[in-house]
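Student: I would like to learn how to read a model of this kind, feature by feature. Could you take me through it, giving the general idea and then the case at hand?

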Number of protein chains: 2
Amino acid sequence: MHEKPTHVVSAVVLQARSGQLQVLLWQRRQPPFDGAFALPGGYLLPGETLEDSIRRHLAEKVDVRELSHIEQLVTTSDPARHPSEWQVATAYLGLVPSDLDPTLPSDTSWHRVADLPETAFDHGVIISTGRERLRAKLSYTNIGFALAPHSFSISELRDLYTAALEHEVSATNLQRVLLRRELLEATGELRHSGPSGGRPAALYRFRSRTLSITDQFAVLRPPGQHG
Amino acid sequence: MHEKPTHVVSAVVLQARSGQLQVLLWQRRQPPFDGAFALPGGYLLPGETLEDSIRRHLAEKVDVRELSHIEQLVTTSDPARHPSEWQVATAYLGLVPSDLDPTLPSDTSWHRVADLPETAFDHGVIISTGRERLRAKLSYTNIGFALAPHSFSISELRDLYTAALEHEVSATNLQRVLLRRELLEATGELRHSGPSGGRPAALYRFRSRTLSITDQFAVLRPPGQHG
DNA sequence: TAAGTTATCGACTGGAAGTAGAAAACCTCG
DNA sequence: CGAGGTTTTCTACTTCCAGTCGATAACTTA
């Protein structure tokens, strides 16, 4: 038989924290890339699927039950990606709701995606791929559920979208679009805002907390489905 | 070190042929899945990337220069996917323009995606994934270039979209949308249609023949970019 | 030259979404 | 208790996108 590559898995774990999209990184303490920051992950073991494997590795960093969504991102295979070992690497995208603050091991911490430190291997590009995937899916799926708490006001949701999309989002439009798509529903409760007063916000929740694609895209719909 | 999986690559090669979306399949002549149809592909070799590898394997089936587009689709890893070997498999999506008719080896042929024979491994789901990827990208990218000849009439293009999307498409809308997005340009030439007369069709071409994403999606655009 | 066929164009329409301002519902302070 | 400030929510207006349909153009064939 042929020589075989080693298969490793990693994850881009994203969370909207204090108005910024942040990613979970681990600081390496051995070569190669000693001192640089890397995505959490590790080796694929016999008998497990790639998704099992990344969940197992992530469990060492954050409680896996805190992940609201996980999906496969991309598999990279540049023979030169690791200086001494032939590796094929599959990256996943994981999301954590904004109301959780997992306790992290001392070598692991959150970093703003917009302002990354020196990263190991090809992890810089992979993080960009993850952010782009999230941005795209915010537009045509209900993936917002994975960034948001179970219930939230429209303003809070707007802030999450703003952080992830990195541009201003109108609360009016966001509410109208998500309600028309029947992705949100009102809980019937109100939240009395904290220090500075103001009208209490109505609270909403996502109808479903599993990924669903919104219809077709804008154009070239089947005929008879106007608008 | 750990035990390692074998890494294999495969490709969903699609073409719009005689009004139907079709996929290139190869009939197996050994176990497992003796007699079933499988995606073309094979083992990953040392020193090559996954994309290099699938191009090398495809070269045995179709001339690689006939592929107008190729992109990574998904990596599957079910430990039970192969009865005797631990495999991780990366699938690619490849597209062939409708005006080419590659000469194929005797064990390989085109099959309508809407009416597939018995397939080997997890190849049935992978083909579905490929078709869905193509359908989605027809809506928000210029990927039509990969299905179409270098120049074509709007009606011909409409027929390609109809085959790939599996629903009727209006030539009027298609032309208006693709022109507004500046994906198409007129060649200035006319084609005198064959047997039954009619007004000669103006010919068009795609401005670019590499994948480009059309702007943002419909909703939640940055402000100031109206419409 | 009339009839049939195919392609192209333009006008109409409903709906999606950006914008802005008014109104509602709360707070705090005098 | 009421005035003023703050935040949220609603509504009206507007622009743009795309589905529909009918008219027109340019050809072939009888």
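Tutor: Read along the sequence, chain A of this predicted model follows the pattern β-β-β-β-α-β-β-β-α-β-α-α-β-β, which comes to 4 helices and 10 strands. Helices (H or I, at least four residues) and strands (E, at least two) are DSSP runs, numbered from the N terminus. Residues are numbered from 1 along each chain as its sequence is written, and chains are lettered from A and ligands numbered from 1 in the order in which they are written. Local features need pLDDT of at least 70, side-chain atom pairs count only at pLDDT 80 or more, totals for chains, interfaces and linings use all residues, and side-chain values use heavy atoms, with hydrogens and water left out.

Student: What box do the C-alpha atoms of chain A fill, and what percentage of its residues count as buried?

Tutor: Taken along the principal axes, the box is roughly 60 × 50 × 30 Å. Buried means under 20% relative accessible area, exposed over 50%, and partly exposed in between, with a 1.4 Å probe and protein chains only; of the 227 residues of chain A, 51% count as buried. Contact means heavy atoms within 4.5 Å, and among contacts in chain A between residues at least 6 apart in sequence, 66% join residues at least 24 apart.

Student: Where is R81(A) placed, and is it buried or exposed?

Tutor: R81(A) lies in the loop between strand 5 and strand 6 (87–95) of chain A, and R81(A) is buried, at a relative accessible area of 9%. A polar contact is a pair of N or O atoms within 3.5 Å, where within protein one must be able to donate a hydrogen and the other to accept it, and residues adjacent in sequence count only if both atoms are side-chain atoms. The side chain of R81(A) makes such a contact with the side chain of D122(A), at 3.0 Å. Leaving aside residues up to four places away in sequence, R81(A) touches residues including V8(A), T76(A), F121(A) and H123(A).

Student: How should I read the pairing of strands, and which strands pair with strand 1 of chain B?

Tutor: Strands of a sheet pair through backbone hydrogen bonds, either parallel or antiparallel. Two strands pair if DSSP finds at least two bridges between them. Strand 1 of chain B runs parallel to strand 6 (residues 87–95) of chain B, joined by 9 bridges, and there H7(B) stands opposite V88(B). With strand 4 (residues 41–43) of chain B, strand 1 of chain B pairs in the antiparallel sense over 3 bridges, where G42(B) is the bridge partner of V9(B). Strand 2 (residues 20–27) of chain B is also antiparallel to strand 1 of chain B, with 4 bridges, and Q20(B) is the bridge partner of R17(B). In the hairpin of strands 1 and 2 of chain B, with 2 residues between the strands, S18(B) takes a positive phi near 45°.

Student: Why is strand 1 of chain B described as largely enclosed?

Tutor: 12 of the 12 residues of strand 1 (residues 6–17) of chain B are buried, so this strand is largely enclosed by the rest of the structure. Both faces are covered, with residues including V8(B) and L14(B) buried on one side and residues including V9(B) and V13(B) buried on the other.
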